[in-house]
Amino acid sequence: MKHLFLPLIFLILLVLESTATSLIPVQWLLADIQPIPHWILIFSIIITIFFDQDHTIYGLIYAVIFGFLIDFTYTDILGVYMFTYGLTLFIILGLKKLLHPNFIVTLLLTVVGVCFADHLIYVMYFMIGYADITWVSYLNNRLIPTLLTNMLFLLIIYPIFRQRLEKWADEQFST
């Protein structure tokens with residue numbers, strides 16, 4: 001039963017990401033401010049830091065699978081989120097080996113991960129002509145609000161899941 005917790009949490013986050021965008025205040029939309037929730041990515045980063053061992057890549061696998069589901073469910077182009085989330089988690093896996101897991105490192109890796117992933121998604125959409133805003137407009141109206149709202153999400157889920165993930169990792173990998 002415990003093996004189903006992580007996929008179930010990811011599935012719930014996938015559904016809640018779509019409802020989160022409907023909660024954006026109308027004033028922000030009129031000002032063309034559009035934060036993008038990257039909750040799947042953030043939870044994958046937390047899993048990579050607190051659940052994965054040196055020989056496992058659960059966070060990367062969940063990021064690729066649920067990135068594909070984001071592509072399939074919410075976008076018109078398949079593979080953008082899957083590739084971006086996979087590459088981002090691959091980089092986070094490398095950085096995790098250099099740093100000691102704590103809140104500051106989690107915050108830093110999440111900021112790096114969200115910035116990298118959102119930039120990569122913007123560049124891919126811009127190159128194929130799907131995004132037509134300038135980089136300065138993207139920075140002011142998308143990236144900064146995206147970073148702030150996703151950091152708020154991290155502050156909410158970090159105390160809930162940190163110890164649970166470490167406990168689940170101990171139970172799963174100690175036997």
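**Buried residues, helices and pockets in a predicted model**

Colleague: Why is phenylalanine 10 called buried?

Modeller: Its relative accessible area is 0%, and buried means under 20%, so phenylalanine 10 counts as buried. The model is a predicted one, and the value is computed from it.

Colleague: What does phenylalanine 10 touch, leaving out residues up to four places away in sequence?

Modeller: Phenylalanine 10, which lies in helix H1, touches Ile40, Phe43, Ser44, Ile47, Tyr62 and Phe66. Contact here means heavy atoms within 4.5 Å. Serine 44 is 34 residues away from phenylalanine 10 in sequence, with 8.7 Å between their C-alpha atoms.

Colleague: What makes aspartate 32 partly exposed?

Modeller: The relative accessibility of aspartate 32 is 37%. Aspartate 32 sits in the loop between helix H2 (26-30) and H3. Its phi is near 65°, a positive value in a residue other than glycine.

Colleague: How do you know that the chain agrees with a compact globule?

Modeller: For 175 residues, the radius of gyration of a compact globule would be near 16 Å, and the chain has 16 Å, so the two agree. Along the principal axes, the C-alpha atoms fill a box of roughly 55 × 30 × 30 Å. Of the 175 residues, 43% count as buried. As for contacts between residues at least 6 apart in sequence, 75% join residues at least 24 apart.

Colleague: Which secondary structure elements does the chain have?

Modeller: There are 7 helices and 0 strands, and the order from the N terminus is α-α-α-α-α-α-α.

Colleague: How do you know that the span of helix H5 is close to the expected one?

Modeller: Helix H5 covers residues 80-96, which is 17 residues. The rule takes 1.5 Å times one less than the number of residues, and the expected span is therefore 24 Å. From its first C-alpha to its last, H5 reaches 24 Å, close to that expectation.

Colleague: Which residues of H5 are buried, and what do they pack against?

Modeller: The buried residues of H5 are Val80, Tyr81, Thr84, Tyr85, Gly86, Thr88, Leu89, Ile92, Leu93 and Lys96. They pack against helix H3 (39-50), H4 and H6.

Colleague: How many residues line the largest pocket, and which are closest to its centre?

Modeller: The largest pocket has a volume of about 590 Å³. It is lined by 20 residues, and those closest to its centre are Gln34, Ile36, Thr75, Tyr81 and Tyr125. Tyr81 is also among the buried residues of H5. Helices H1 (5-21), H4 (58-74), H6 (103-127) and H7 (135-173) each supply at least two lining residues, and H6 gives the largest share, 4 residues. By class, the lining has 12 nonpolar, 4 polar and 4 charged residues.

Colleague: What classes of residue make up the lining of the second largest pocket?

Modeller: That lining divides into 13 nonpolar, 4 polar and no charged residues. Of its 17 lining residues, Ala20, Leu23, Pro37, Trp39 and Thr149 lie nearest its centre. H1 and H7 each supply at least two, and the largest share, 5 residues, comes from H7.

How values were computed. Residues are numbered from 1 along each chain as its sequence is written. This is a predicted model: local features need pLDDT of at least 70, side-chain atom pairs count only at pLDDT 80 or more; totals for chains, interfaces and linings use all residues. Side-chain values use heavy atoms; hydrogens and water are left out. On a 1 Å grid over the protein atoms alone, a cavity is a set of points where a 1.4 Å probe fits but cannot get out, and a pocket is an open set with protein on both sides within 12 Å along at least five of seven lines; lining residues have an atom within 4 Å of a point. Grid points are joined across faces, edges and corners, and a volume is the space filled by probe spheres set on the points. Ala, Val, Leu, Ile, Met, Phe, Trp, Tyr, Cys and Pro count as nonpolar, Asp, Glu, Lys and Arg as charged, and the others, Gly among them, as polar. Buried means under 20% relative accessible area, exposed over 50%, partly exposed in between (1.4 Å probe, protein chains only). The radius of gyration is taken over C-alpha atoms; the globule rule is 2.2 Å times the number of residues to the power 0.38.
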